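Please keep the sequence and the 3D view at hand while reading.

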Amino acid sequence: MTATIEAPTDAELEAYFTETVLEPEESALEEPELDDLTQETVDFIVDKMLLVVDRISGNPLYDYQRPFARRVIESMVINDGATLTALFSRQSGKSETVANVVAAIMIMFPVLAKVYPNLLGDFRRGVWVGAFAPVDDQADTLYGRIVSRLTGEGAIELMQDPDIMDGIKAKGRTVTLNSGSLVRRQTCHPRATIEGRTYHLILIDECQGADDTMVLKSITPMGASTDATMVMTGTPTFQKNVFYKTIQANKRAQAERGKKRQNHFEADYKLVSKSNPKYKKHCLKQRIAMGVDSPEFKLAYRLIWMLEEGMFTTSERLEELADKSMQTQKAWYRTPVVVGIDPARKQDSTVVTVMYVDWDRPDEFGFFEHRILNWLDLGGTKNWETQYHRIVEFLSSYNVLRIGVDAGGVGDAVAERLQILMPHVEVRALGSDRKEQTKRWKHLYQLIERGKIIWPGHAKTRELKTYNRFIQQMEDLQLQYTGPYMLAEAPNESGAHDDYADSCALAAILTTDDHEMPEVEVTSDIFGR
C-alpha cells in the first residue's frame, strides 16, 4: 500500500527547524535549567549508564564516541526533546554506539524509574524505540545490532540480576523486553505506509538518504506526546536534505546562542584514527586508492558535503548575487528586455521572468550582465485563456524584445498564441530536448559562476512570495549528467518545483550568439554603479 503524504509547506519547515532544533531563546524546553542538585543527579545517572553501555558492548567506547553517547542518555533523562545529529566517517562505529546506548537504556531505565520517579517516571512501563532507515535493509542493520546487544552475553547477564530480572522476546519487526521496553524496525521510504506509533526515542540511521517529507510529517509526530529525543546519524552526500539542514541548525544554535548542551557531533577519519590504529591503517589505504580529493573519500571519510557537485548552485552564491539595493521593477521601457516563460505542467506553476540585459557592455568573453526585474507566478490560474490575458497585461509594462517559451507540453501552443497577441514581439518556442536544455542550463550556470546574473535583494523584495520561491527553487535545483548532457531539475520530492529556474534559464539563453542582438546605445549606468 502506498501512503499519500502532502509535502511540508515552507511554514511547516520553518517551524520544524525553529521550534524543534533552534528553539526560541525565551523557551527553556530544549535547554532546561536544572538546579545544582538535579544536575548532579543527572550527571550521576549518565555516568553510571555509560558503565552499563561498556559492559553490554564488551568494549569501552572510544573517546570520540563517548560525548555522543553521553548526550543521547542525558537527553532521555532530562526529556529535553532534542534532535541530535551525528556525522561520523564510514565504519567508525556510529551505529554501534547507538545500538549499545539503546540496549542499555531499554534495560536500565524501567528499573531506574522506580528510584528516580521525577526524572525517569515516564519509563516505568518501558522505553519505546523506533529504528528507521531509508530502506528496509538499512533499517535491519541498525535493528539487528540493537538485537545483537540485547541478546549478547553482557546484556543477558545484566537482565538476570535479581534487581532487574528482565527477559527478551521477539515478534516480527519488534523486540520487546518483559519490562515493556521495545524496539521496532521501520523504513522511512517515501512509498512506505508507516503506522502511527508512539516512541520515546526515534533513530534515523543513514539519514542522508531519508525522505524529508516522511521524516517531518510521518516520523517526527510519533514523538509528539512524549517529547521524544530524535537521533539522526549518517554521512554527507551531494544534496541538501533534512539531515544537512538539521546539522546546520544545530551548529548555528551552538555557535550563536552559546548553548551548554551540544546537539551535533562529528568524527572524521583523522579523529577516529587517533583512537583506533587499525582504522587509521585502513583509511591510509583508502586515501591512496581513492585519492584524498576524490568525491568518494571526501564523502565517506573527510565528511565534506559536496553540494557543488550535485547542486546547481549554493545558497551562499545566491546570496552574493542578490543586489540588496534593488527592488523588483514593475515597469521598464529604457532598454529592451528578454522574457522567459515556463508553462505549467500538472502541479507546477506558469512562471514569467523579465530580465534586463546590459546589451552595450559585454565582457571579453561576450557575456552580458543580466538582471531579473520581476516575476509573474500564475500558479493559482489553470485556465489558459485567463493566463494569456494576465501575461500580456503584465508584459505591457516592459519594453520586450524577445520571449522564450519552453516548447514542451503545451509550450508550442502558448508561443503561437502569444505571438498573435503580441505581434511586435519575437516569441520563440525553445526546444525541450536534452541538447537544447543543456545549452540553456550551461549558459545560466556560466552566468552564475561569472557573476553576470543579478536579482533584486532589497529587504522589501525578500518579503515577496515570488522572491522566496525563486531562491528556494534555485537552492533545490540538482544537476543531472547523462552522457554529454548537463540538465538541472527539482529533486524528486513532493512539493519540489523548478518553474522559476526554468523560466530564468529560458530568458537568459535569448542573449547568446544563437540569437540576434539588438543595437542599443547606453549613455549612463542606469543602476547607479
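## Cavity

On a 1 Å grid over the protein atoms alone, a cavity is a set of points where a 1.4 Å probe fits but cannot get out. Grid points are joined across faces, edges and corners, and a volume is the space filled by probe spheres set on the points. The largest cavity of this structure has a volume of about 50 Å³, and the structure holds one cavity of 30 Å³ or more.

Lining residues, those with an atom within 4 Å of a point, are M76, N79, D122, F123, H200, T226, D227, A228 and T229 for the largest cavity. This lining divides into three nonpolar, four polar and two charged residues. Ala, Val, Leu, Ile, Met, Phe, Trp, Tyr, Cys and Pro count here as nonpolar, Asp, Glu, Lys and Arg as charged, and the others, Gly among them, as polar.

## Model and confidence

This is a predicted model, in which local features need pLDDT of at least 70 and side-chain atom pairs count only at pLDDT 80 or more, while totals for chains, interfaces and linings use all residues. Residues are numbered from 1 along each chain as its sequence is written, and side-chain values use heavy atoms, with hydrogens and water left out.

The pLDDT is the predictor's confidence in each residue, from 0 to 100. Its mean over the protein chain is 87, and 87% of the residues reach 70 or more. Over residues 21-30 the pLDDT is below 50, and this stretch has 23 contacts (heavy atoms within 4.5 Å) beyond near neighbours in sequence in the model.

Strands (E, at least two residues) and helices (H or I, at least four residues) are DSSP runs, numbered from the N terminus. Six of the six residues of strand 1 (residues 83-88) are buried, so this strand is largely enclosed by the rest of the structure. Buried means under 20% relative accessible area, exposed over 50%, and partly exposed in between (1.4 Å probe, protein chains only). T83, T85 and L87 point one way from strand 1, and L84, A86 and F88 point the other way. In a regular strand the side chains alternate between the two faces of the sheet.

Two strands pair if DSSP finds at least two bridges between them. Strand 1 runs parallel to strand 7 (residues 229-234) over five bridges, with T83 opposite M230. Strand 1 also pairs in the parallel sense with strand 8 (residues 264-267) over four bridges, where H264 is the bridge partner of T85.

## Two hairpins

Strand 3 (residues 168-171) and strand 4 (residues 174-177) are antiparallel over four bridges, and A170 has V175 as its bridge partner. Two residues lie between these strands in their hairpin, and G172 takes a positive phi near 60°.

Strand 4 also pairs in the antiparallel sense with strand 5 (residues 182-187), over three bridges; T176 stands opposite L182. Their hairpin has four residues between the strands, and G180 in the turn has a positive phi of about 105°.

An open sheet of seven strands with mixed pairing has the order 9-15-12-11-10-13-14. Strand 9 (322-323) and strand 14 (426-430) stand at the edges with a single partner strand each, so one side of each is left without a neighbour in the sheet. Strand 13 (residues 398-406) and strand 14 run parallel, joined by five bridges, and I403 stands opposite V427.

Methods
On a 1 Å grid over the protein atoms alone, a cavity is a set of points where a 1.4 Å probe fits but cannot get out, and a pocket is an open set with protein on both sides within 12 Å along at least five of seven lines; lining residues have an atom within 4 Å of a point.
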